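Please keep the sequence and the model in view while reading.

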Amino acid sequence: MQATADELPVGAIADQLKDEERRMLGLIQDVGAITPTELAVKTFMLPEEANEVLNALGEKGLIATQAVDSPNSPQLVALTDLGLRVTRLESSKRMR
């Protein structure tokens with residue numbers, strides 16, 4: 001049985017991330033909140049590919065979506081508290 005994100009330490013969660021998940025988390029951290037379409041453009045992914053990565057990050061509890069009152073962009077993606085802790089850990093690893 002696999003442990004849920006709530007049961008894993010932050011370091012273990014960070015170690016299990018795929019490269020595209022790390023890259024997307026870093027972009028979200030840099031901008032604060034972003035639409036899935038903007039993420040797809042910035043990562044040079046097809047929207048379907050970006051959505052797969054976003055779904056995986058959401059399942060891990062690292063991101064959350066926020067509804068927006070706009071017909072063009074119905075949602076924004078932002079880091080959760082856990083996602084923020086993971087990105088901070090990733091940043092500190094890169095600085096070493």
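Five bridges, written as 5 bridges, join strand β2 (residues 63-67) to β3, and these two strands run antiparallel. The model is predicted, so to speak of its local features a pLDDT of at least 70 is needed, while side-chain atom pairs count only at pLDDT 80 or more and totals for chains, interfaces and linings use all residues. Residues are numbered from 1 along each chain as its sequence is written, and side-chain values use heavy atoms, with hydrogens and water left out.

**Strand pairing**

- Strands (E, at least two residues) and helices (H or I, at least four) are DSSP runs numbered from the N terminus, and two strands pair if DSSP finds at least two bridges between them.
- Within the pairing of β2 with β3, Gln66 has Leu76 of β3 as its bridge partner.
- Strand β1 (residues 33-34) also pairs with β3 (residues 75-79), in the antiparallel sense and over 2 bridges, and here Ile34 has Val77 as its bridge partner in β3.

**Cavity**

- The structure holds 1 cavity of 30 Å³ or more, a cavity being a set of points on a 1 Å grid over the protein atoms alone where a 1.4 Å probe fits but cannot get out.
- The largest cavity has a volume of about 60 Å³, taken as the space filled by probe spheres set on the points, which are joined across faces, edges and corners.
- Its lining residues, which have an atom within 4 Å of a point, include Leu17, Arg22, Val86 and Glu90.
- Both α2 (19-31) and α5 (81-95) supply at least two residues of this lining, and α5 gives the most, with 5 residues.

Definitions and conventions. 1 Å grid on protein atoms, 1.4 Å probe; cavity = no way out; pocket = protein on both sides within 12 Å on 5 of 7 lines; lining within 4 Å.
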